[in-house]
Amino acid sequence: MLLYDDVVTEYRDFATYAAGDSPCFEEWALGVAEDEEVVAWLGTLPPLKRQPNLVLAAARWHGAPAPGPYAGLRRVLLEREPDVRATIMTRATQTNEVGRLATLTPVLALLPGPLALVEVGASAGLCLYPDRYDYAWRGAGELRGSGGPVLRADAGGPLPVPSAHPDVAWRGGVDLNPLEVADADAMAWLENLVWPEQDERRARLRAAVEVTRREPPVLRRGDLFDHLPGLLDEAAAHGTPVVFHSAVVAYLEVPQRRRFHELMGDLVAAGRCRWISNEGPQVLPEVTGSLEVPPGRFVTALDGVPTALSHGHGHAVDWV
């Protein structure tokens, strides 16, 4: 998704991203792109706050029926504008989609354990528990035995199916606004961020919250550039430090993305950590390189080298 493009392009791009996953959001995004009044209103928001996931979630929070026609979204955006604006300005998109572990765990399995996980943009930390889930990679194989929920993904290419769950000795992360799994309002907002038709994702989110409540991770509040070095120092005492992130760096402006890429390259080169990235193809262009990436796919990479093309919510992983 193009978070810093003009509004019309951004919403058309989101419609392409949502196609096949949410007919409602596809219709809504296309409707916004053709609606001059709504586009003008979105133009009054700060660029990062115009993003479709946030705007559509805020409208749903204030009563836009979903699934439902575009007219319902438009009515809430314009008639409840002060409430919607306040929610947009005070909330953030922190989807924390645990299904992405189905695309990250095969990469984690390539690393020597025990692992000390450091998540950038951790939200509530739900993705810090790859060892607490079982996996079914359709077309490739399975990994069972954790006793936890099963995460499923379609697999393509020579996916290296792990023979054992990751050995995780420590879990931590940083977020500008870390969410507490015991906070009912914060968890209701997370659930509201799940796309309308995706009941399976909602059920998976509730299960992930329960997993996390049993052993909350170490979460730091603040800027990743300020907190990452200290988190790595803390993680190193427990095992192989692994910095990972999924659909997070897109929320940085372009100069910060370059700064982050340089930082991670330096940290990996110095032997301070391993690095797993899972972002849209335009987010870290030096990582994507010349790869042809179809719509709706992220580039999953280890230490800056692509390993797979993954569905944005973890529904599929094609090993490269």
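Let me start with lysine 49, which is found in the loop between helix H3 (36–42) and helix H4 (52–61), helices being DSSP runs of H or I of at least four residues, numbered from the N terminus. This is a predicted model, in which local features need pLDDT of at least 70 and side-chain atom pairs count only at pLDDT 80 or more, while totals for chains, interfaces and linings use all residues. Residues are numbered from 1 along each chain as its sequence is written, and side-chain values use heavy atoms, with hydrogens and water left out.

Lysine 49 is buried yet has no salt bridge, and the nearest side chain of opposite charge, aspartate 175, is 11 Å away. Buried here means under 20% relative accessible area, exposed over 50%, and partly exposed in between, with a 1.4 Å probe and protein chains only; a salt bridge needs a side-chain nitrogen of Lys or Arg within 4 Å of a carboxyl oxygen of Asp or Glu. What the side chain of lysine 49 does reach is the backbone oxygen of arginine 91, at 2.7 Å.

Turning to the rings, those of Phe, Tyr and Trp (its six-membered ring) pair if their centres lie within 6.5 Å, with planes under 30 degrees apart stacked, over 60 edge-to-face and the rest tilted, and the count comes to 10 aromatic pairs. Tryptophan 61 and tryptophan 189 have ring centres 5.3 Å apart and planes at 85°, so this pair is edge-to-face. Tryptophan 61 is partly exposed, at 30% relative accessible area, whereas tryptophan 189 is buried, at 2%.

Terms used:
Helix = DSSP H or I, 4+ residues; strand = E, 2+ residues; numbered from the N terminus. Lys, Arg positive; Asp, Glu negative; His and termini not counted. Polar contact = N/O pair within 3.5 Å; in protein donor to acceptor, adjacent residues only side chain to side chain.
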